[in-house]
Amino acid sequence: MSAAREGSGREDFREILRLVRPGTRVLDVGCAEGELLELLAREKGVDGQGLEISPAGVSACLARGLAVVQGDADHDLDHFPTRAFDYAVLSDSLQQMRDPRHALAELLRIAERAVVSFPNFGHWRVRLALVTRGRMPETKALPQPWWSTPNIHLCTLRDFTALCEDLDLRIDACAALASGKPARAINPALPIENWRAETALFLLSRRGESKASGPAVAYDLLGEPETATLKR
C-alpha cells in the first residue's frame with residue numbers, strides 16, 4: 001500500500017504526530033518508506049514498528065534503522081497479538097483494503113486506539129464531477145484515473161461513521177484535511193461535513209473499555225491537551 005502515500009502531502013502525518021502520546025507503542029500499517037515512523041520516533045520517542053508489502057519500502061525502512069515486517073495487511077493483521085500496541089495507524093489506505101470492515105476491527109484488536117485517514121467520496125468536488133460529467137472524479141485526494149487507481153472500496157464520511165457504529169467503535173476525534181491547509185477539527189455526524197471534508201482523519205477506540213494506560217486523548221487535533229472526547 002505504499003502508492004497511497006506518494007505525493008499525497010503530509011498534513012495527515014502532522015496530525016498523527018499531534019495525536020500520539022510520547023513513548024507509546026505504534027504500528028504503522030502500510031508504512032511505505034518509514035517517513036511517519038521516523039517522525040514519530042524522533043519527535044515523540046515512540047516504540048514503532050511498520051508493516052509494509054513492498055520490498056523497496058521494507059529496504060528503505062531498514063536503511064532508516066526502523067523495525068519493519070514485510071507483509072500484506074489484508075491477511076497479516078490477523079497474526080499480530082491482541083493489544084500489542086497503543087496505536088495502530090492506517091493512513092490513506094483503508095479504501096485499498098479488500099475487507100475494510102475486518103481491517104478496522106483488527107486495528108482495534110491489535111491496539112488500544114486506531115488512527116485512520118481516507119479520502120471522502122462524499123466531497124462536493126466528487127459529487128459535482130459525477131453529476132456534471134458522469135465520470136469517475138479525479139481530485140487532489142483521488143488523483144488517479146479509475147482504471148489505474150488502487151482504491152477499491154471508496155466511502156463517504158457517513159459510510160465510515162456507520163461502520164464505526166456497527167463495530168461499536170468510539171470516535172474520540174476527527175479532522176478534515178485538505179492539501180496545503182491546516183487540519184480542521186470537525187464533528188463527522190454533521191451532514192455538512194460530508195460535503196466539505198476532502199480527506200478525513202479519525203482517532204478511534206472501543207466503547208466501554210477502561211483506559212488504564214492514561215487519558216483517552218493526550219492531545220487533540222490542534223495540538224492542545226484534550227479535555228473531552230467527541231460526543232456522537
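How many nonpolar, polar and charged residues are in the lining of the second largest pocket?

**View 1. Whole chain of the predicted model.** Local features need pLDDT of at least 70 and side-chain atom pairs pLDDT 80 or more, while totals for chains, interfaces and linings use all residues. Numbering runs from 1 along each chain as its sequence is written, and side-chain values use heavy atoms, without hydrogens and water. The chain has eight helices and eight strands (DSSP runs numbered from the N terminus: H or I of at least four residues, E of at least two). Of its 232 residues, 53% are buried (under 20% relative accessible area, 1.4 Å probe, protein chains only).

**View 2. Second largest pocket.** Its volume is about 310 Å³ (the space filled by probe spheres set on the grid points, which are joined across faces, edges and corners). A pocket is an open set of points on a 1 Å grid over the protein atoms alone, where a 1.4 Å probe fits, with protein on both sides within 12 Å along at least five of seven lines; lining residues have an atom within 4 Å of a point. The lining has 15 residues, with His123, Ala178, Ser179, Lys181 and Glu198 nearest the centre. Helix H6 (124–133) and strand S6 (169–177) each give two or more residues to this lining. By class, the lining comprises six nonpolar, three polar and six charged residues (Ala, Val, Leu, Ile, Met, Phe, Trp, Tyr, Cys and Pro are nonpolar; Asp, Glu, Lys and Arg charged; the others, Gly among them, polar).

**View 3. Ala175 in strand S6.** Ala175 is buried, at a relative accessible area of 0%. Its C-alpha atom is 5.3 Å from that of Ile186, 11 residues apart along the chain.

Methods:
Buried means under 20% relative accessible area, exposed over 50%, partly exposed in between (1.4 Å probe, protein chains only).
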